[in-house]
Amino acid sequence: MTAFEYQAIAEDKRRARGVVQADTARAARAQLRERGLIPLDIHEVEIETRREFSLRNHGRERALVLRQLATLLRAGLTLEEVLSVLVEQTDASQQRRQLGAIRSRVMEGQSLSAAMSEHPGLFPALYSASVAAGERAGQIEDVLARLADYAEHRDETSRSVGLALIYPAVLAIIAFGVVWGLIGFVVPRVVGVFETAGQTLPAVTRSLLTTSGLVSQHGVWLLVGLFALFAASVLIWRQPGPRLGIDRFLLASPVLGRLIKASQTATFTRTLAILSNSAVPLVEALSVASRVVSNLQIRSDVERAAAQVREGQTLTAALEGATWLPAMARRLIAGGERSGELAPMLEHAADIQERELNSATAVMLSVLQPALILLVGALVLYIVLAIMLPILNMSQLLN
């Protein structure tokens, strides 16, 4: 069967839309008429990779889908019925199309994990691999509930960090706009009076006039240059070679390095814990974890560890050369392998690193906000001095 998205008019003259399963468009229209709907538009759901709906920044929606899957399956509904419910109650059209396509694949005989793997934007590799292991072990409801907890936790963390960064970001934007306006438009008109008077201007004032001239005469080109520099940086960032060098540099930096290590270690250990709890083989779990972490240096180390584990080494020995992995996490992994309780130890390591990340983020924000205020104050002081010094010199000459 194929998934068809439709728009129709109900008996109460209201417009209805959704997804139906049918062999042909004609059969889909017949289904709608049997429901008392007058079809207006009906077309096959097409999956285009370049338009793949992504919930990367919408963990709350992904968690809701996973939670509903787990709850409805535990209530005794079949998988097809559960997916039908999710499709019918989903408001977002793109998400509804993706869920409709997954339901279509399941009704064709594919497993849920295989259908999910065709939509990495909606369900990344971590989710499809865990569901596949849950299907093999007959614990798909527990795995889905665990994944929902993970998605909710990730969304909570990213949301809290984003809210904490709003104030510094707004402060920086406003400060940039105010200083740009003062230097480009206000200062030339104020200080220009002293130039016409033939007064020798202080060095601070002359430097401000030079900067102001650049901004007022070439401000548009300066902004274009900044935008071009940003675009070039993004292009360089996307190249594997330069990106690897940048990631290595960031890991070695004193402040950002601490944040990146804590964040990436927490992601790595949490992913391994979920996959291990889902009975995913360690080699496959490491392969999935390497795709979850974003730092290329850490990804390379995890891929190398996966190859060594495949050859028979322990996880502790395979991660021996991973200098980014904290000593505490290393000891917990070693203890988990010795005791046969690797998944709980990985979860404990992830909890420790997430607390470390929260602490480091709080410290960084507590330093960043006063630093921005001091920077803005210094710029304002520079502008005030550049304007006031000629006035003071003129008053001394008059006396």
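The model is a predicted one, so to speak of local features pLDDT has to be at least 70, and side-chain atom pairs count only at pLDDT 80 or more, while totals for chains, interfaces and linings use all residues. Residues are numbered from 1 along each chain as its sequence is written, and side-chain values use heavy atoms, with hydrogens and water left out.

Helix H10 covers residues 256-277; helices here are DSSP runs of H or I with at least four residues, and strands are E runs of at least two, numbered from the N terminus. Of its 22 residues, 16 are buried, so H10 is largely enclosed by the rest of the structure. Buried is taken as under 20% relative accessible area, exposed as over 50%, and partly exposed as in between, using a 1.4 Å probe and protein chains only. The length of H10 works out too: 22 residues at 1.5 Å a residue should span 32 Å, and the end C-alpha atoms are 31 Å apart, which agrees. That expected span is 1.5 Å times one less than the number of residues.

Thr-265 sits in H10 and is buried, at a relative accessible area of 0%. A polar atom of the Thr-265 side chain lies 2.6 Å from the backbone oxygen of Lys-261. Leaving aside residues up to four places away in sequence, Thr-265 touches Trp-324, Leu-325, Pro-326, Ala-329 and Gln-353, where contact means heavy atoms within 4.5 Å.

After H10 comes Ala-279, with a positive phi near 70°. Ala-279 belongs to the loop between H10 and helix H11 (282-292). Most residues other than glycine have a negative phi, and Ala-279 is a residue other than glycine with a positive value.

Two aromatic pairs turn up in a search of the whole structure. Rings of Phe, Tyr and Trp (its six-membered ring) pair if their centres lie within 6.5 Å; planes under 30 degrees apart count as stacked, over 60 as edge-to-face and the rest as tilted. Tyr-127 lies in helix H6 and Tyr-150 in helix H7, so the pair ties together parts 23 residues apart in sequence. Both tyrosines, Tyr-127 and Tyr-150, are buried. The rings of Phe-268 and Trp-324 have centres 5.8 Å apart and planes at 85°, so this pair is edge-to-face. Here the link is between distant parts of the chain, with Phe-268 in helix H10 and Trp-324 in the loop between helix H13 (315-318) and H14, 56 residues apart. Phe-268 is buried at 0% relative accessible area, and Trp-324 is buried at 3%.

Helix H14 takes in residues 327-339; its 13 residues should span 18 Å at 1.5 Å a residue, and the end C-alpha atoms are 18 Å apart, which agrees. Its buried residues are Ala-329, Arg-330, Leu-332, Ile-333, Ala-334, Gly-335 and Gly-336. Next after H14 is Gly-340, with a positive phi near 75°.

Side chains of opposite charge can pair when their charged atoms come close. With a salt bridge taken as a side-chain nitrogen of Lys or Arg within 4 Å of a carboxyl oxygen of Asp or Glu, the count comes to nine. Among them, Arg-67 and Glu-152 meet at 3.0 Å, N to O. This pair links distant parts of the chain, 85 residues apart: Arg-67 is in helix H2 (residues 59-74) and Glu-152 in helix H7 (residues 140-196). Arg-67 is partly exposed at 26%, as is Glu-152 at 35%. Arg-67 and Glu-152 also belong to a network of salt bridges together with Asp-149.

Arg-74 forms a salt bridge with Asp-142, with the closest N and O atoms 2.9 Å apart. Arg-74 lies in helix H2 and Asp-142 in helix H7, so the pair ties together parts 68 residues apart in sequence. Arg-74 is exposed at 52%, whereas Asp-142 is partly exposed at 35%.

Key
A polar contact is a pair of N or O atoms within 3.5 Å; within protein, one must be able to donate a hydrogen and the other to accept it, and residues adjacent in sequence count only if both atoms are side-chain atoms.
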